[in-house]
Amino acid sequence: MQQASAEQPIAVLSADALSVAPRQSGAGLAWIGRGFLLALAALVVFILARNLLDNPRLFAQIVISGLQLGFVYALIALGYTMVYGIVRLINFAHGDVFMVGSFVSFFAVSRFSLHTWPAVAFPGISPDLSTLIGAVSVIVLSMIVCAALAVVIERVAYKPLRNAPRITALITAIGVSFFLEFFGALNFVFSPRFIPYQRPFDVYAYWIGAQGIGMVTPQTPAPDGSITFSSIFVIIVVASILMQILLQWLVKRTKIGKAMRASAVDKPTTRLMGVNVDRVISFTFAVGAAFAGLAGVLFAIAYPSIHTQLGILPGLKAFVAAVLGGIGSIPGALVGALIMGQAEALTAGYISTPMRDAVAFTILIIVLLVRPTGIFGEPEREKA
Amino acid sequence: MNSRSIKMISILGAAALALAACAAPRPVAQPEQPAEAPKEQPAAPAGGEIKIAILAPLSGPVPTFGVSTRDGALLAIEEWNAKGGVNGMKIVPIVEDSQCTADPAVNAANKVIDQDGVKFIIGEVCSKASIPVSEIANAKKVIQISPTSTNPAVTVGSDGAVKPYIFRACFIDPFQGQVAAKFALETLGAKTAFIMLDQANDYVRGLAEFFEKSFTEGGGQIVGKETYTDKDTDFSAILSKVAEAKPDLVYLPDYYNIVNLVAKQAKEKGLTMPFMGGDGWDSSDLDLTAADGGYFTNHYSSEDTRPEVAAFIKAYGAKYNGAVPDALAVLAYDAANILIESIKAAGTADDTDKVREAMKAINFKGVSGQITFDDNNNPVKSAVVLQVKDGKVSYNTTVNP
């Protein structure tokens, strides 16, 4: 706390000044607010329970689409939370790095057919293996490009402002975000069109139900009462969980992870210990962006139409997820993202689709009012 | 870090980005660019001349629309002149760039009416430019026929009165909904339909409303209706409801970018019923594998077998280096022909009241169908239904109103 205040006295002071007024308005009002939230929670539980009993199949189907969204948000939210943890910056350009990830894979697949290189290089290779290696190469390429982009952004836009008031860096982040969106919309970059995305591999649909499990084809539709899911859903869940584990291992078990945690707590002291803090920060940006790149490719495969403002809403929702989970906390990002995914899917399913963004940001407001540090947040300590 | 500064920073940032989200790009259909038209400079023949202005957006947001419109209209005028003009008079086209924007279009209209003494205008393409031009033209008793402006307000004033001098050559948005309903009921034999719509888009809403009305009046049943926003990418919740409702048809009258996403996700949910939409599907960016099995209504198809269509495609290709005309060129060609045909029927080019009465009574066999005008000066004409199948868009049938 001491160090943060020393770095950003203006931001902290003004925030404190702003929040004095409601504190004085009395405990009675606070109870009304709390009662209202409890009533709201009861209503939500009631509606969900009724719909679950009404049609469990539809409910499960909606939960699956929520899980798919949630795991994508989790990948993006990691980047927000890691960067925040180490430099106390909400990197709003992160959603646009995600967008760049999907465009890189689009160009790799549609223009350069990178996904077919194993079949071209080794003609005898089995088609499945070729698809697997090809798709992984596309994803890795996107991750590398995004990581490089994030390092450049950090060096050009954020590093010179490291000792400036925090609000300056935040506004710069919004500027970088706009730059990526509208530079990308130029005709010779990505163009402002909505581009149909060519997938590096085919996505299949499966059904699971009382009769067992099977593939959905035009000849064999899913039987009644079964739940359908697609292969990309499985891939997103597996990839997202793997990345969570990888990141936990990286932060907790490796030397660079230790350096990241140390830099998060106290940069000057870490520097005295012989750690190159600037490189650690760049590395953090690169890792977060690589996850965003992966999320971008998976998102584009799942929802195959891309445009340059693709990253705005997923980015914002991932940010809400990070705040909800407790910004700075890595498990918090996953939990927050899963809650956001469910909130969105259930709203779309049981209230109306246009309401879902309203609900997503209402959650942000409620979290900030009730528990500003989020679910896993620790109020009075610096977090890694 | 103090928790309250997180609060403030978060809200500030979220607000700023939410503002940015409002500026999402609009899909713009990108028709093929026909070749540049040669400038026409015909000498005035002995019988006098008739000036016809063509207001087309040759620059601005949709320049390809303007080029197609100009080329289609010039082709019609050239054909009439080759036949000796109309009523013994040569037709002189005056092309002005109206930029698909109100101000330049109004300036162009004032220029051609006041300086050039034009009594007939073909244009504008965009409704937002056609509407202000129609006010001027109607007040000055100049006949205006817009080839492609679909907004009802082009021919009907805000007071609900028809502007007597203003016509159009395209059907208006609600009509496509009616045609789609008729096709679904009669040709596809659909009994139930599910409607997906973007409530914030007038075009989509108009089509959806009239589809619903015609479909239920025709004995069909709407089993579900769900709305989304144009920024949505995940439609799985709506599609789960579609799977529950098991309709014979899903009506999705949106632009191709939404269609690509919805159709792909529907295929992955194992939905096999056909999707149907309107002319917003007509784009080279439509994902043909995702939309496979779908149908959409449109103004014209180059595969239509009627002799008018074949003759027009041949003449257009011969004049413009083998270009295939898009719907805009067709409608401009029809608009010019309707206008000149009416001048011929009226027997005069000086009295626009006679010409407009002749136009009102016209029964014209155009490339885009048999055209008559209703009470609101909107054409009553057939629409074509196109089918997406095996990686291409092909002509399916023509539906008469």
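In the predicted model, helix α2 (residues 63-82) of chain B packs against helix α10 (residues 327-346) of chain B, with axes that come within 7 Å and cross at roughly 40 degrees. The crossing of α2(B) and α10(B) is right-handed. On the α2(B) side, the contact is made by Phe65(B), Ser68(B), Thr69(B), Asp71(B), Gly72(B), Ala73(B), Leu75(B), Ala76(B), Ile77(B) and Trp80(B). The α10(B) side contributes Leu328(B), Ala329(B), Val330(B), Ala332(B), Tyr333(B), Ala335(B), Ala336(B), Asn337(B) and Ile340(B). By class, these residues comprise 14 nonpolar, four polar and one charged.

A helix pair in chain A can be described in the same terms. Two packed helices are described by the angle between their axes and the distance between the axes. For helix α5 (residues 56-87) of chain A and helix α10 (residues 231-253) of chain A, the axes come within 9 Å and cross at roughly 35 degrees. The crossing of α5(A) with α10(A) is left-handed. Residues of α5(A) in this contact are Ile64(A), Leu67(A), Gln68(A), Phe71(A), Val72(A), Ala74(A), Leu75(A) and Leu78(A). They meet Phe233(A), Ile236(A), Val237(A), Ser240(A), Met243(A) and Leu247(A) of α10(A). The contact of α5(A) with α10(A) holds 12 nonpolar and two polar residues, and no charged ones.

Chain B as a whole contains 11 helices and 15 strands. Of its 401 residues, 56% count as buried. Among contacts in chain B with a separation of 6 or more, 69% are between residues 24 or more positions apart. The chain is divided into domain 1 (49-171 + 305-381) and domain 2 (174-298). The C-alpha centres of these two domains of chain B lie 32 Å apart.

The largest nonpolar core has 235 residues, and the members that touch the most others are Ala77(A), Cys146(A) and Leu339(B). Domain 1 and domain 2 of chain B each supply at least three residues to this core. In soluble globular proteins, nonpolar side chains tend to be buried together. Apart from neighbours within four places in sequence, Leu339(B) is in contact with Ile52(B), Phe120(B), Ile122(B), Ile143(B) and Ile145(B).

In chain A, Gly209(A) belongs to strand β2 (residues 205-209). Gly209(A) counts as partly exposed because 15 C-beta neighbours lie inside 10 Å. Not counting residues up to four places away in sequence, Gly209(A) touches Pro223(A), Gly225(A), Ser226(A) and Ile227(A). The C-alpha atoms of Gly209(A) and Tyr73(A), which are 136 residues apart along the chain, are separated by 28 Å. In chain B, Thr397(B) is placed in strand β15 (residues 392-399). With 16 C-beta neighbours inside 10 Å, Thr397(B) also counts as partly exposed, because a residue must have 20 or more to be buried and 12 or fewer to be exposed. Thr397(B) is in contact with Thr187(B) and Val385(B), leaving aside neighbours within four places in sequence. The C-alpha atoms of Thr397(B) and Thr297(B), 100 residues apart along the chain, are separated by 9.7 Å.

Backbone geometry was also considered. Most residues other than glycine have a negative phi, and most peptide bonds are trans. In chain B, a cis peptide bond joins Gly123(B) and Glu124(B), with omega about -15 degrees. Glu124(B) lies in the loop between β3 (120-123) and α4 (127-139) of chain B. Gln99(B), although not a glycine, has a positive phi of about 60 degrees. This residue, Gln99(B), is found in the loop between β2 (90-97) and α3 (102-115) of chain B. Gln99(B) counts as buried because it has 24 C-beta neighbours inside 10 Å. Asp390(B) is not a glycine either, and its phi is positive at about 50 degrees. The loop that holds Asp390(B) runs between β14 (383-389) and β15 of chain B. Asp390(B) has 10 C-beta neighbours inside 10 Å and therefore counts as exposed.

Note on methods: Residues numbered from 1 in each chain as written. Chains lettered and ligands numbered in written order. Predicted model: local features only at pLDDT ≥ 70, side-chain atom pairs only at ≥ 80, totals over all residues. Core = buried A, V, L, I, M, F, W, Y, C linked by C-beta atoms within 7 Å. Domains from an automatic or database assignment. Contact = placed C-beta atoms within 7 Å. Axes fitted to C-alpha atoms, helices over the stretch in contact; angles between N-to-C directions. Helix = DSSP H or I, 4+ residues; strand = E, 2+ residues; numbered from the N terminus. Left-handed = near helix turned anticlockwise from the far one by under 90°. Nonpolar A, V, L, I, M, F, W, Y, C, P; charged D, E, K, R; others polar.
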